[in-house]
Amino acid sequence: MHEDGTLHSIDGLRRLEANAARRLGDDRALMRRAGLAAWHAVLAHWPDARRIVVACGPGNNGGDGHELAMHALACGRDVSVVGLPATSPAGGTAAEAVRRYTEAGGRSQVFDGRLPHADLVVDALFGIGLHRAPEGDAARLIEAINSHGAPVLALDVPSGVDAGTGTVPGIAVQASHTLEFMRRKAGLWTGAALNHRGTASLDTLELETTDFDGVEAVAMRWTVDALAHALPARRRDSHKGQHGRVLCIGGDHGHGGAIVMVAEAALRVGAGLVEVATRPAHVAPLLARRPEAMARGCDVLGGVTLEGSLAACDVVAIGPGLSQSEWAREAVPWVSRAGKPLVLDADALNLLAESAWPVVPSDTILTPHPGEAARLLGVTTPDIQRDRLASARQLAERHGCTVVLKGAGTVVASPGRRPVVIAAGNPGMAVGGMGDVLTGTIAALRAQGLDAFEAACTGALLHAAAGDRAVLEGGARGLLPTDLSPWLRRLANPDFPDPR
Ligand SMILES: NC(=O)C1=CN([C@@H]2O[C@H](COP(=O)(O)OP(=O)(O)OC[C@H]3O[C@@H](n4cnc5c(N)ncnc54)[C@H](O)[C@@H]3O)[C@@H](O)[C@H]2O)[C@@H](O)CC1
Ligand SMILES: [K+]
């Protein structure tokens, strides 16, 4: 079976292991495959590595390490296995791997505070069996791996990372590359784990369909390739009215730029018409930058002005720069009564957290960053980050609508849908205004006919992928949200020939 885009929990992976071992009638077979796959990864990434240090833990992750060490030895490499002191000898399948390595003439040593010189360090300390933060010798060995200087290949999981949730409870290996076994782990694709994983690849260890009996993926992983099919082709005889009309509401005094960025992104992603309701003072600068937008200056966010705009639009994007003033609060009953699909961001979410909004309809999209998500759930930001997948699901259930939990490894959740984790984006995108661009992107897709969940997933991916293209032009520091504009357009048109 090839990679299928699924992400799994630790429980799911355990079940998968058990099913496959039962089918194969030999619980050593998977570890042998894992060791061989790891050796192939070494040959693919570091073919010239002569001296290889393999740091092995007491469990089956360490068994994978011994299997790899055995292949490296057989190919004439200078291999040192380094184990943890004072741990009981490996049992079960790992013991068999240790025996094979030793019988092949392999050397092992106990970690004494230093690692030997090497061209490559393999991290086979802990995989999905990590059950607490590494301490003592384990922590010191991880520290030695991180300060060694050679590239680091992590087997299955960078040791110290919780592969189920993505949290890092203490110290963790800083991998150059992680080779995942069997299936991708949900925790390696979102949150703090992204600081440790390096690049990543998967070896499925030749699992078969029947191994998945009773195994449910916890999420799907979307990569930039998904954009090829995400957006419907345009009819040749289409007109602007068929590409949706977005009404953007926000930009109180002192925050005029936010709603301009929403409008610009919505235009670049293909909305047919974009109207902005903002403070009168912000109309002229908006039109000077983006004459394609329609703009309404409102000292009162309600009444006839807003009612007409609300009636005409297909989607309302509200929140960026909105503030929580009386001006902002006035908009809420009007917008709620209009019955249009909503994208709520920034201060609209803060108003939701303090129950200023009535119950939001099920086709609403909320786009909180972790701080806003924490306010919505009445918890702290670290609570949200401890398990981003669970937090997004909980928020979606609580409000009965789609949630885009922003941050490294954006998570999209909706009741009754399998969550999606976005495998794109970069730290250059951690800058004010980036969320406003996301709001406009999602609203434009919604206006063009995608349902709430599709618009949220596709919008989050389009936005992250545009950020990944824009960052190549000059690096992460100083990347501006509006730098994404040309890339949003480019990536929203996957059929257009790539000029590169
Ligand atoms: N079971 C199988 O069929 C397969 C397992 N595989 C490998 O086995 C791994 C899972 O193996 P295990 O379940 O043995 O778990 P691990 O090898 O990930 O770790 C469990 C061991 O580490 C110890 N440990 C956990 N956290 C610790 C900490 N903070 N400080 C000190 N010691 C700690 C545990 O007491 C236990 O001895 C996978 O990640 C994968 O690499 C692969 O070989 C594929 C097949
Ligand atoms: K590992």
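**Helix α3 on the sheet.** Helix α3 (residues 60-74) lies across β2 (51-56), β3 (78-83), β5 and β6. Its direction runs at about 160° to β2. Axes are lines fitted to C-alpha atoms, for helices over the stretch in contact, with angles from 0 to 180 degrees between N-to-C directions. Contact means C-beta atoms, placed from the backbone, within 7 Å. Helices (H or I, at least four residues) and strands (E, at least two) are DSSP runs numbered from the N terminus. This is a predicted model: local features need pLDDT of at least 70, side-chain atom pairs count only at pLDDT 80 or more, and totals for chains, interfaces and linings use all residues. Residues are numbered from 1 along each chain as its sequence is written, with chains lettered from A and ligands numbered from 1 in the order in which they are written.

**The open sheet.** Seen across its 7 strands, the order is β4-β3-β2-β5-β6-β7-β9, with parallel pairing (DSSP finds at least two bridges between paired strands). Strands β4 (108-110) and β9 (199-203) are the edges, each pairing on one side only. Neighbouring strands are turned by 20° on average, direction ignored.

**Strands β5 and β6.** Parallel strands β5 (residues 120-124) and β6 (residues 152-155) are joined by 3 bridges. Asp 123 stands opposite Ala 154 in β6. Helix α2 (residues 29-45) packs on the sheet and touches β5, β6, β7 (177-181) and β9. The α2 direction makes about 150° with that of β7.

**The shell around ligand 1.** Ligand 1 is surrounded by 27 residues (C-beta, placed from the backbone, within 6 Å). Gly 59, Asn 60, Asn 61, Gly 127 and Gly 129 are the closest. Helix α3 gives the most, with 5 residues.

Definitions and conventions: Contact = placed C-beta atoms within 7 Å.
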